Amino acid sequence: MAPAWFTVGLSAASFVALVVAFITGIGVAVLSATVAAARAGRIRPTEALREAAVDRPGVPRVRTLLGLAALACGLVMVLAIPLADPAGAVDLKNVVQSALLLVAAAGLLTPVLLPPMVRFLTWPFAVGTRASGLLVRQNSLTAGRRASAVIAPVLITVGLAASILGAAGTADAAKDRDLRRQAAKADYVVLPGAGTGLNRTVIDRVEAIRGLDTTTIATTTLFAREPAISILHFEAPMPIPFSAEAVDRSTLLTFPAIEGSLAGLNDQSVAVDRSWHKHVGDVMRLWLADGTPVTLRVAAVLDAGLGDRLVVTGGNAGRALPDRVHVRLRPGADRAAALTALRAATYGTGARTVPTARWTAAVGDRQQRQTELGLVVLLGVAIAYSALAIATTSLTSISGRDREFTVLRLSGATRRQVLSMVTGESLLLVTTGVALAAAVSALLLAAMGLALGRLVGSPVLVVPWSALGMIAGGSTLIALLASVVTAGLRLRRRVATGAGD
């Protein structure tokens, strides 16, 4: 799936990261085994002879504290998105970190959340007369640790997928809306050929056409110590690269100014959005893409869009070639004649003229494809391991219930009734995991909606129902197959053999 130009290089830093990751994985495995062995070693001989049919009441204090800590950190990050850094809502790194914390909190607090959720989902069984439904309800309530172990991988799989896919789709929709707003004044966009920029000859030809207003835009990079990432206005210890737009004139720019005006922009000034915490007249120390230091005065403060916006003139673009020219027809201009003149101006140069709507749609589609490719890499491995965990935990939870199944058979339950009970338990636990995942995703997407609402107006919340349906359905199928098949194999044993174990 990777493009032909993509290569994977192994540097000293990446080698160290791989070694650290390997050692961490081994260390976590050894630590887990050590803790489990230590807990088993504390059991007294007389206690080892007893068999517990139900879990001990209460939840381990350490687990509860860790869950509450993860929940607190996750809520702080989620609330920080709309309150402190709305532009960070389109940064998947922030979304992934928040999702991981919230999913971890839900997983750790599952034993606490399980009883009320099970009672809510199974309340019809509490008043019904069918024994299998009542057994499903009570088994899930009394064996909380076993149920939590089955719920956890479902929660991780569906929760991460729903949060990340929904956040990515919502961010792409917001970027598309922001792009359309930026180009709202233009009727056409002149674009260069693949892999090149627009040369001066093409730009001069376009600007020479009568009846047109134009704005030439070049995307460049500026370095600054003001990263605008903290409400406390901390400065970074070294310059950080930011994408900037270099324009020749602000005629067709749709960047609402809350201070100053883009009309005053020149080679000695810069326009920034309000997330930089600057005011008109302030001085900013910047570095051009080639490292040349410049000191620019803030000429305008713009209404915050998506990302940290910097607007300069072409004199501060360095060697970056313009990547587009926005074109607007003046009142009374002939559209057909203007389009013919634009096509003649770009003929033989590799450049092309497209309607603004087609350009914004093409940019949005390209961003979506890039996002989807990244998500396949990010989520693919995680979902595969989570699917394996769902199968493993479901199989393990059934394997230790031989005596329970034997007692049910001796009490008169048929093999079909026992399998029906196992199926009901699996469906209940998977449903509980999906419900917790939905709560986590809804909280995260709500925070994104509030943040993006401050930047681009009413946002479009995207929920990938088809993908989530496939993931939730796959998780359900895996859990059912692992539990029902294992239970069926266990029930083939003779009743007397199981009773004597």
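Figure 1. Serine 426 touches Ala479, Leu480 and Ser483, with residues up to four places away in sequence left out of the count; contact means heavy atoms within 4.5 Å. The residue lies in helix H13, which spans residues 415–456. Helices (H or I, at least four residues) and strands (E, at least two) are DSSP runs, numbered from the N terminus. Serine 426 counts as buried at 10% relative accessibility. Buried means under 20% relative accessible area, exposed over 50%, and partly exposed in between (1.4 Å probe, protein chains only). Between the C-alpha atoms of serine 426 and threonine 476, which are 50 residues apart along the chain, the separation is 7.9 Å.

The model is predicted: local features need pLDDT of at least 70, side-chain atom pairs count only at pLDDT 80 or more, and totals for chains, interfaces and linings use all residues. Residues are numbered from 1 along each chain as its sequence is written, and side-chain values use heavy atoms, with hydrogens and water left out.

**Figure 2. The whole chain.** The chain contains 15 helices and 10 strands. Of its 501 residues, 40% count as buried. Among contacts between residues at least 6 apart in sequence, 80% join residues at least 24 apart. The chain exposes about 26,600 Å², of which carbon and sulfur atoms supply 64%; accessible areas come from the Shrake-Rupley method with a 1.4 Å probe, and for residues only the protein chains shown count as cover.

**Figure 3. Crossing of helices H5 and H8.** The axes of H5 (residues 110–121) and H8 (residues 144–182) come within 10 Å and cross at roughly 100 degrees. H5 is therefore roughly perpendicular to H8. Axes are lines fitted to C-alpha atoms, for helices over the stretch in contact, and angles run from 0 to 180 degrees between N-to-C directions. Angles under 35 degrees count as roughly parallel, over 145 as roughly antiparallel, 65 to 115 as roughly perpendicular and the rest as oblique. Thr110, Pro111 and Leu114 of H5 make the contact with Gly144, Ala147, Ser148, Ile151 and Leu155 of H8. By class, this contact of H5 with H8 has 5 nonpolar, 3 polar and no charged residues. Ala, Val, Leu, Ile, Met, Phe, Trp, Tyr, Cys and Pro count as nonpolar, Asp, Glu, Lys and Arg as charged, and the others, Gly among them, as polar.

Figure 4. Thr110, Leu114, Met117 and Val118 are the buried residues of H5. These residues lie on the same side of H5, because they cover an arc of only 105 degrees around the axis; the arc is that of the directions from the helix axis to the C-beta atoms. Leucine 141 is found in helix H7 (residues 131–142) and is partly exposed, with a relative accessible area of 22%. Beyond residues up to four places away in sequence, leucine 141 touches Pro115, Val118 and Arg119. The C-alpha atoms of leucine 141 and valine 118 are separated by 7.2 Å, although the two are 23 residues apart along the chain.

Figure 5. Thr157, Val158, Ala161, Ala162 and Leu165 in H8 meet Ala467, Leu468, Ile471, Ala472 and Ser475 in H14. Alanine 167 is also placed in H8, and counts as buried at 1% relative accessibility. Its C-alpha atom is 7.0 Å from that of valine 95, 72 residues apart in sequence.
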